[in-house]
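Below is a short briefing on a two-chain model. Please look over the sequence and fold, then read the notes by topic.

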Amino acid sequence: MNYTNLTKIAVNALKRNKFRSILTMLGIIIGVGSVIGMLSIGQGSKKSIQNQISEMGSNMVFVMPGSQQRGGVMMGNSNAKTLTLSDVEKLKKEAQYLSAISPQVSTSGQAVNGNKNWPTSCTGVNADYLSIRKYELEDGRIFTEKEIESLAKVCIVGQTVVENLFDKGVDPIGQTVRFSGIPLKIIGVLKEKGESSMGQDQDDLILAPYTSVQRRILAITHIQSISASAVSEDKSDEAITEIETILRREHKLKEGESNDFQVRSQAEMIQTFSSVSDMLTMLLGAIAGISLLVGGIGIMNIMFVSVTERTKEIGLRMSVGGRGIDILMQFLIEAVLLSIIGGIIGILFGLAISYVATSLLSFPMIIMTNAIAISFLVCSAIGIFFGWYPAKKAANLNPIDAIRHE
Amino acid sequence: MSKVIIQVSDLRKDYYIGEVTVHALRKVDMEINEGEFVAIMGASGSGKSTMLNILGCLDKPTAGEYMLDGVAMSKMNKNQLALLRNQKLGFIFQSYNLLPRTTALENVELPLYYNPKVKSKERREKAIHALELVGLADRMHHMPNQLSGGQQQRVAIARSLVNDPVVILADEATGNLDTRTSYEIMELFQKLNDQGKTIAFVTHEPDIARFMKRNIVFRDGRIQKEAMVTNRLFASELIKNLPVETDAI
């Protein structure tokens, strides 16, 4: 068989009916375009959420107090006082998988500077906290070990606090703000970080030495939580296990007793959100896949009409020596060409959709080469699958009936 | 004695319509030699179209033998028949059957597309040559709808010539044309026959049959009469005698 000739015949036949060919392809174009567009939007949103979560900190691991039992009575989580500074010290000394660790005590209150005031939170931390939460200093310095030891009345403020407590152009460094009646000297200003993925303003905070907040403001001996960084993202799980082992020993928990603390990692959060996004992507992809199927049926439909309409042409081709297989291949090649050309246009269309959508939604644009490759294969398969039946019908026509068909 | 191109012996063709058997052809014996110009005539239902279908290898006989250029077609399968049609036969139809929106040249090239041995350059050359033979070389890039009926039939004739067939089968080739154009087409057929082409021409018009060398008349599936044309007409002379169209007004 001569495929070059048959391909030429098929291309000429498609050219003769340009408008109809384009309309037929439209179904495939929209189908492939939406599959690629939807998958790309889904993956983009996943990546975007992952990025936002990673922005929160570097490989963060949090330890929060858990419920404890007192004589068989479960106590709630909120008032639990199970974490102490000695836990932090032990973790700092023993944990292999943690690169940075900071105790955390926090309270909300009104910050006052002169005639201005602003409700915010004051968080007591150590110097590691900045690297754990990916905060950077815009100006000034972080508190020293000495300041922590001496319960120094110093603080670092976020941009939102600066905006609300100081006039434009005033350098806040060296100024004093009062928080819950305690005067705190500003020694540093944080760079702007923006909103977190949960819509929280990450710049609305005051950081102070944990000792100062713990004793001067809150007057407590326990700490509220521990923030830490795992050495790397894939070591997060090991870090969690390690923390649990150390803390269980420190808290003298017997085997079978439940933890009186909870450990969560950023990696876990990413996984949770990713699985939601993955489901969304699959859903969008499935809907788009249905439109691709409809596009394929469109091709079959047109090919059927085409076979009926071109019965006489088929008869003529047979009478000048076209065999059944030649006719079959011609119609099959036509269908495959339609779906492949439609597929290529659809891929471009899909890339355009994802470009526009991702730039509108400010997602990162993710071009999934495997999705493109699969769409292309699916298109060819659709062409063969939906083109086969009409082509077979054409090939089985009786040349005498076909040539005399009116 | 010239070479026998078509030899049909004891040919039968039955159609089964429900429980009724229609004998379209009953025991037909016929020979067509190289260089002949034969009219196959008969009324509707006489079996002439069935005969043409079988001669054209589009249909197989129920019984009997048909030798085309020394090849027994009754033993052939569908694909071999297609090959025979492609390389030994040329078809001309009443309604031209040109592909729409396809140039005259491409229409003429069509049979050669199904012959893998013919390369694209050769295909083009042969098609141009065939169009020159029918006097349409200057219209080769026209679409069928830009051509008159006579010109379209010439394109169809060129298409039937392009594979250099052993016999050209024409089915009421002048049926859709007016008198003058019919004569012009017959003139072309006579010219081709003079150049040695073997032509079998199905028609029901006795006037047209007189342009040929021999007439075979079918009736009820049998050959009723077979005779050489005695007072043969020549189209080129008749055209000269036709009144010029402008005079008719």
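What is the mean pLDDT of chain B, and what percentage of its residues reach 70 or more? Chain B has a mean pLDDT of 92, and 98% of its residues reach 70 or more; pLDDT is the predictor's confidence in each residue, from 0 to 100. This is a predicted model: local features need pLDDT of at least 70, side-chain atom pairs count only at pLDDT 80 or more, and totals for chains, interfaces and linings use all residues. Residues are numbered from 1 along each chain as its sequence is written, while chains are lettered from A and ligands numbered from 1 in the order in which they are written.

**Confidence and domains**
- The predictor gives the complex an ipTM of 0.93 and a pTM of 0.76.
- Chain A splits into domain 1 (3–52 + 272–403) and domain 2 (83–259); the bounds come from an automatic or database domain assignment.
- The centres of these two domains of chain A, taken over C-alpha atoms, are 57 Å apart.

**Contact between the chains**
- Chain A contributes 19 residues and chain B 22 residues; residues are in contact if their C-beta atoms, placed from the backbone, lie within 7 Å.
- On the chain A side, the elements giving two or more residues are helices H1 (3–16), H10 (311–319), H11 (324–360) and H13 (399–403). Helices (H or I, at least four residues) are DSSP runs, numbered from the N terminus.
- H10(A) gives the most to that side, with five residues.
- The chain A side divides into seven nonpolar, seven polar and five charged residues. Ala, Val, Leu, Ile, Met, Phe, Trp, Tyr, Cys and Pro count as nonpolar, Asp, Glu, Lys and Arg as charged, and the others, Gly among them, as polar.

**Helix packing in chain A**
- The axes of H9 (residues 266–309) of chain A and H11(A) come within 11 Å and cross at roughly 145°. Axes are lines fitted to C-alpha atoms over the stretch in contact, and angles run from 0 to 180 degrees between N-to-C directions.
- H9(A) passes H11(A) in a right-handed crossing (near helix turned clockwise from the far one by less than a right angle).
- A:Ile299, A:Met303 and A:Val307 in H9(A) meet A:Phe331, A:Ala335, A:Leu338 and A:Ser339 in H11(A).
- This contact has six nonpolar, one polar and no charged residues.

**Helix packing in chain B**
- H3 (residues 104–113) and H4 (residues 120–133) of chain B pack at about 120°, with axes 9 Å apart.
- The crossing of H3(B) with H4(B) is right-handed.
- From H3(B), residues including B:Leu105 and B:Val108 meet H4(B) residues, among them B:Ala127 and B:Leu131.
- Eight residues of this contact are nonpolar, none polar and four charged.

Definitions and conventions:
Two residues are in contact if their C-beta atoms, placed from the backbone, lie within 7 Å.
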